[in-house]
Amino acid sequence: MDGNVEDFTETDKSERAANMAEMIKVDCRNIDVFYDDKQAIFDISLAIQDRAVTSFIGPSGCGKSTFLRCMNRMNDTIESAKVTGKIFMDGADINDHSIDPVLLRSRVGMVFQKPNPFPKSIYDNIAYGPRIHGLAGSKSELDEIVESSLRKAGLWDEVKDRLPAPGTGLSGGQQQRLCIARAIAVSPEVILMDEPCSALDPIATARIEELIDELRERYCIVIVTHSMQQAARVSQRTAFFHLGKLVEYGDTERIFTNPEDTRTQDYITGRFG
Amino acid sequence: MNSPVPPSSEQGTFVTDAALKRLKKRHAAESRFKLYGQLAIGIAIVALVTLLASIFMQASSAFTRHVLTFDTTLEASYVTPEGERDPEKIARNVSGFNLLLQDELSDQFLPEDPGLSLQRELYGLFTRLAVLPLARKTADTPSNIGTQQSFSVALADDIDLYLKGGITRRKAVNLGQAGAVSGSMDDGFNITLGKAEPLQSALDKFREDEATPTALIQIGSTWFRMTGLDGNTASLEYIAGTPQAPVSGADVSGLALEQAQDNRTVTDRQIAWTMLLEDEGRVKSVPNTTLFTNSDSTYPELAGTAAAIVGSLLTMLVCAMLAIPVGIFAAVYLEEFAVKNRVTDLIEVNINNLAAVPSIVFGLLGAAVFINFMGLPRSVPLVGGLVLGLLVLPTVIIASRAALKSVPPSIRTAALGVGASKTQAVFHHVLPLAAPGILTGSIIGMARALGETAPLLLIGMVAFVAEVPDSPTDESTVLPVLIYKWSTGAERAWEPQTAAAIIVLLVFLVLMNLIAIILRRRFERRW
Ligand SMILES: Nc1ncnc2c1ncn2[C@@H]1O[C@H](COP(=O)(O)OP(=O)(O)OP(=O)(O)O)[C@@H](O)[C@H]1O
Ligand SMILES: [Mg+2]
C-alpha cells in the first residue's frame, strides 16, 4: 500500500480529479447501531472517497462519533453497542470474521477529540504502533518512521530535540498533532478524526487544518466537526447527520451553498447566525 | 436559566441585610466544618502519639540489659568433663559452664560452708541458660580451654529489671558518718548514724503508700539490713560483702526500699551482691543485641526475635507469591476482559464480602484444607503464607481493580486505535499506569498479613521455636504470634520484651510502607 501512495503522489493532479468519482475507499451500507435497545444510527448508507476529506456535521448526539467508530470497529470495544449492516473497505467486508479488528485498526487510524498521547516519551508514542505491527526491522528504520511521521504531522521541528521527553508534556495542539503522527506512523489508509480541534485554540486549529489538507494527498480522511467553517475549509465532501439519520451527503460546496434539505439549511444557517 | 429574580431591595448589590446574614451563616458553617476536621485529626494524632509513646516507654528497658563480666580460667575439668574436645558436647555442656560461673561467684561472696539456700540465692542472679553463649563460644575455639578468658553473662530478668528501676521503688540516702558501734557479727550491731532523718522520711513516705518498706545499709564493701531505727540508732544485721564490723567514723549510706523482700522477686542479698559487683564496675548495661540475634527462650533475658523475624519474612514471601500475582491477574481479568453479566457480578460481590471475612475463618480454612486435607506440615511458613495469601487476596484484587479503574479510558482507546490488541493495550499501557496503585494496595495487603495473628494460631504457628528456620517448610513462628506469646508470659520482664518485639514489628511495617511510597514515586515519575 505504501507503493500505491508513492505512485499516486506522482500522478497528475487533473487525472486524479477525473478519477475522483470512482475512487471509493469505504462503502457503508445500511448501517444500524444499537446501544442496548436504543438505536443510535438508522440505516445509513454512505460511500467515502479516497484521497479526500469527508466531514461529518450535525447536532450533538446525532450519531457522528458512533458512525465513525463503525469504520474501524471501535464499537466492538463498547460492550452495549451492536452494529448491523455492511462496510466494505476496498471491496472487503470489514465485519467479516476473517478480518481481525486489530489489523483493521492498523489500516484505519483514529484521532480522538481529546488529545490522548500515551504517558510515554514522544518517541515511544510514535514508535509504539510500528513496533507492535512489526513495521520496522531495525532501530534505524524505526527512527526513520518516527521522523517521517512527525514531519508529516508538522511536529518534527518543534520536538526533534526532545524526543525522549514525555508526550504529555506538550501543549494541547502539539499533543493533537502527536496523536495524528501516531496514527500516521502505522501507515494507515484511512484516518478518522473525531472533532480533532475541539480542544484547541484557533492557531493550533489552523495548524491542524493545514495538516489535514496536506494529508489529503495520501490518505482518505474522515473528520467529525462542529465547526461549519472548518468543514467548509478542509473537506471536499460533507455529510449532515440528524437524529441518527443521514440527511444529506454531497460535495461540500454544494451542501453549504445550496442544501437540498431544510434541516441542513437550518443547521448551517443557524450556526452561521 | 430562570434564576429567581431577587427582591428589588437586593437588586444590583450584595450588601443587603439578608445577603449578609446568609453570608455569615455560610462562613460559620465553613469554619465549623473546618473545626470538626481539625478535631478529628487531633484525636487521631493524640491516639497515635499515646500509643507509640506507651510502647516506646515500655520497651525502652528491653533495648539494654545488664551483664556481668568476669575473667576465668577455662578449666578443662569443668568445660569438658569427659575429656573430649568435641565442640558439640562443649556447646551443650551448660552445667559445666554454670559451675564455672558459680565457683567464681561463691569465691567472691560466700563463706566457707554457705548452705544450700544461700548458694541458691546467689546463683539465682543468673539463669541456667545464661552461660549458653559462653559454651558456644568455647566450642568454636576449643584451643582457649585451659587459658584465662574474659566473658560476659546476662543477669537474670528480675535483677535486670531491678537495676533498670523496676521491681520496687527505692531511694538512696547519705547517712553521714557512723558514731558509736556496739554488738557482734552474729547478734547484729547497733550504730549511731550521723544523720538518720533522710532515711526516716524516705521510709515514712513509703509507709504512707501502705507499703512495708525496708532499708539496706552499706558501710564500705559490707552490706547490712536495718532491722530497726530508734532515733539516731539503727540496728543492723549483716547480709553480704566483706564480713567486717562497722567502725565508727566510716561513711554510711542507706537504700530505702518500698517493699520488704518477702514482697518482691529479688532478695536483699541479691540486691547487695549486685550493688557490690556494680561498684566494682563488673555489672554493666549493654545494648540488648540478644533481642535480634536470639530465638525464643523460656527466659526473657535470653529470648530474641530472630526466628520470628525470619519466620515472618518467609511467610510474607509465600504470601506475596500467592496473593500478588493471583490478585493482579484476577483484577486485570475482571476489570479489563470479563463481560459484565450476572456471574461476574456475583464474583465481584463475593470478593468484596471475602475482604470482610474475619481473619480467623481463614485460619480454620487453612487448617482444614492445607493441613488436614492436603497433608502439609503444621507450624510452617508455607502454610502460614498460603493462609495469609488467601486472606489478603481480596484486598489486593480490590485495590488493583481500583487502580485499573483510575486509568483514563482514553489510554485504552488510544492503544486500540493504533491497532494494539486488548491484551497489548492492557499490558503495555494500562498496567504500567496502574502499577503504583496496585503496588500500594499489594503492600498494604502485605502489611496487614504481617500483623495477622489469629489465623496463624489455628495452623499451629504458635509452637515454641528455638531455631531460626531456613526454609518455608521448617517449623517457625512469626512476629505477631511471638508478641502474643510473650505478652502472656508470667515474669515481669516479658512486658518490656513484648513492647520491644512490637517495635520490631512496627519497624517492619514502616519499612514496608516506605517501600510502597518509594515505588509509587519511582513509577509515577517515569511518566
Ligand atoms: N457508549 C454508549 N452507550 C450508550 N449510548 C451511547 C454511547 N455512546 C453514544 N451513545 C448514544 O448514542 C447517540 C449518538 O452518540 P454519538 O456520540 O455518536 O453522538 P455525536 O454525534 O458524536 O455527538 P457529539 O457531537 O456531541 O459528539 C447519543 O444519543 C448517545 O447518547
Ligand atoms: Mg461525538
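This is a predicted model: local features need pLDDT of at least 70, side-chain atom pairs count only at pLDDT 80 or more; totals for chains, interfaces and linings use all residues.
## Confidence in the model

Chain B as a whole has a mean pLDDT of 85. In chain B, 97% of the residues reach 70 or more.

For the complex, the predictor gives an ipTM of 0.84. The pTM is 0.76.

## Around ligand 1

Which residues come nearest to ligand 1? They are A:Ser60, A:Lys64, A:Ser65, A:Thr66 and A:His226, out of 15 residues around the ligand.

For A:Ser65, a polar side-chain atom lies 2.5 Å from a ligand oxygen. For A:Lys64, an N or O atom of the side chain is 2.7 Å from an oxygen of ligand 1. For A:Lys38, the distance from a polar side-chain atom to a ligand oxygen is 3.1 Å. On its own, ligand 1 has 620 Å² of accessible area, and the protein covers 66% of that.

Two elements of chain A give two or more residues to the shell around ligand 1: strand S2 (38-49) and helix H3 (64-70). H3(A) provides the largest share, four residues.

## A buried serine in chain A

A:Ser235 sits in a loop of chain A. Is A:Ser235 buried or exposed? It counts as buried, because its relative accessibility is 6%, against a cut-off of under 20%.

The side chain of A:Ser235 has polar partners. A polar contact of 3.0 Å links it to the side chain of A:Ser55. The side chain of A:Ser235 also reaches the backbone oxygen of A:Arg237, at 3.5 Å. Neighbours within four places in sequence aside, A:Ser235 is in contact with A:Val53, A:Thr54, A:Ser55, A:Gln230 and A:Thr252.

## A hairpin in chain B

Strands S4 (residues 181-184) and S5 (residues 188-192) of chain B run antiparallel. Four bridges join them. How many residues lie between S4(B) and S5(B) in their hairpin? There are three.

One bridge can be picked out by name. B:Val181 has B:Ile191 in S5(B) as its bridge partner. In a regular strand, side chains alternate between the two faces of the sheet.

Technical notes
Residues are numbered from 1 along each chain as its sequence is written. Chains are lettered from A and ligands numbered from 1 in the order in which they are written. Side-chain values use heavy atoms; hydrogens and water are left out. Two strands pair if DSSP finds at least two bridges between them. Buried means under 20% relative accessible area, exposed over 50%, partly exposed in between (1.4 Å probe, protein chains only). A polar contact is a pair of N or O atoms within 3.5 Å; within protein, one must be able to donate a hydrogen and the other to accept it, and residues adjacent in sequence count only if both atoms are side-chain atoms. Contact means heavy atoms within 4.5 Å. pLDDT is the predictor's confidence in each residue, from 0 to 100. A residue is near a molecule or strand if one of its heavy atoms lies within 4 Å of it. Accessible areas come from the Shrake-Rupley method with a 1.4 Å probe; for residues, only the protein chains shown count as cover.
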